Amino acid sequence: MSWRPWKRCLRNTSFEIVTTSSCTALASTEPPNSLKSLKSVSSTSTLVNLTGSQSKSDPKASSDSLSKGSLPSSAFNPYQYPWSIHQLALEQPELLEDGVETRPPRRSQFPRYGHSLASTSDDRFVLFGGFVNEKPSNDVCIINPKDLTATSLDTTGDIPSPRSGHTGVMYKNCMIVWGGETRTDNHDLSASDRSVYLLDLATSRWHRVTVDGELSPEGRSGHVAGVVDAKMYIFGGQRGDGQILNDVWVIHLAKCDVDYTAKWYHLNPGVNSPRPPALVNAAWTKYKAALILFGGTDGEYHYSDVWVYNTGSRTWGKLRCDGYFPVPREGHGVAMVADMFYVFGGRAPDGTFLGDLVGFQISCRRWHTFRGLGPAPSARSEHTMISRKDQVYVLGGHRTGAMDASADESIPIIHILDADRVFQLPPPRGAPPRVAV
């Protein structure tokens with residue numbers, strides 16, 4: 001079978017890229033000296049080797065060293081691999097003419113996990129909350145993926161309390177935040193915040209939305225949320241007392257940005273209709289008028305099922321899948337590019353942090369596993385994953401007691417996956433044509 005682009009249905013696919021000493025002559029010999037000088041690293045000295053040979057250098061060293069803030073001393077590869085690692089340029093304090101700061105220095109924005117990340121219509125990312133240096137936060141940061149800058153946003157109004165495990169979604173020019181873990185005392189089993197918060201990016205002002213009626217979902221964290229046709233849907237999550245849920249709620253946002261009012265509706269698929277089990281730390285994303293759900297845990301088991309929620313019929317359906325099934329997980333990230341549903345990271349049933357990238361091709365209902373795509377993110381969970389055009393961004397996360405930052409924790413990094421190159425890596429000089437199996 002000849003090589004074909006990923007947009008066509010492929011059979012089970014798994015690629016290996018290893019470091020080879022014979023390919024160093026093809027690479028550049030001027031790598032940056034440190035992460036502080038790094039603006040964009042597209043790949044390391046790893047090259048495709050279809051014969052399976054390997055030099056003495058560890059193929060994992062490049063990715064691990066980058067995530068720890070030190071660059072490999074080996075030469076960089078001229079090929080542009082799908083994964084790349086970048087440094088975010090943080091906002092500098094504003095200074096007066098005499099050099100005095102106009103405001104006190106901000107607390108470091110990174111490293112961070114358990115936050116939310118939403119995409120605006122003008123291709124910016126809005127980050128809110130999460131744990132920063134192991135303390136819950138409620139700050140807002142605007143990330144521009146075009147120039148890789150991260151700017152703190154001073155906000156006013158009904159500012160939400162510090163939290164993690166919440167959801168933040170975009171509607172028009174507003175970010176809607178709901179739920180999350182807000183307690184500071186581990187012995188406090190009170191319900192999580194049930195209020196709906198709206199951040200108007202035009203005015204940088206928070207508003208607490210007035211909910212019509214008495215019906216509203218129980219406060220929770222670790223749930224999922226998505227917007228389809230001016231409605232925000234939420235599913236699952238865990239209450240403050242530990243109970244895990246599998247209910248679906250929808251809130252109409254049509255008047256939310258006008259008079260700051262909205263109304264919740266409980267969507268019951270019916271007694272005999274299929275539905276996912278109660279889940280926390282699952283992930284879903286929008287695909288056309290549906291929401292695709294993957295993974296999560298019910299507190300006893302971890303899952304790798306793919307569920308589709310049809311917002312039109314308000315029903316669930318479980319998809320039959322082929323290919324290399326991924327490890328069941330929770331705390332992972334998902335993002336959609338075309339009809340490929342990418343999944344990265346999370347925690348396995350034994351608590352191991354995962355660093356694999358898998359993709360579910362909806363048109364074929366087939367799983368694909370990807371390996372050796374350049375400087376991939378280290379294993380992690382509770383990160384965010386978001387798509388923009390044909391690129392996927394991975395930011396933050398928690399891993400074995402540490403978060404994703406360099407040795408100098410004030411230097412945040414972001415990983416970018418160029419989805420168009422996932423199946424289009426050029427073979428090394430003299431290698432036979434690549435085949436899909």
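Me: Two strands pair if DSSP finds at least two bridges between them. So which residue in β21 is the bridge partner of asparagine 310?
Reply: This is a predicted model, where local features need pLDDT of at least 70 and side-chain atom pairs count only at 80 or more, while totals for chains, interfaces and linings use all residues. Residues are numbered from 1 along each chain as its sequence is written, and side-chain values use heavy atoms, leaving out hydrogens and water. Strands β20 (306-310) and β21 run antiparallel and are joined by four bridges; strands here are DSSP runs of E, at least two residues, numbered from the N terminus. In β21, asparagine 310 finds its partner in threonine 315.

Me: Which are the edge strands of the open sheet?
Reply: The four strands line up as β18-β19-β20-β21, with antiparallel pairing.

Me: Is serine 204 buried or exposed?
Reply: Serine 204 sits in the loop between β12 and β13 (205-212). Leaving aside residues up to four places away in sequence, it touches Leu153, Asp154, Thr155, Thr156 and Leu199 (contact: heavy atoms within 4.5 Å). Buried means under 20% relative accessible area, exposed over 50%, partly exposed in between (1.4 Å probe, protein chains only). At 14% relative accessibility, serine 204 therefore counts as buried.
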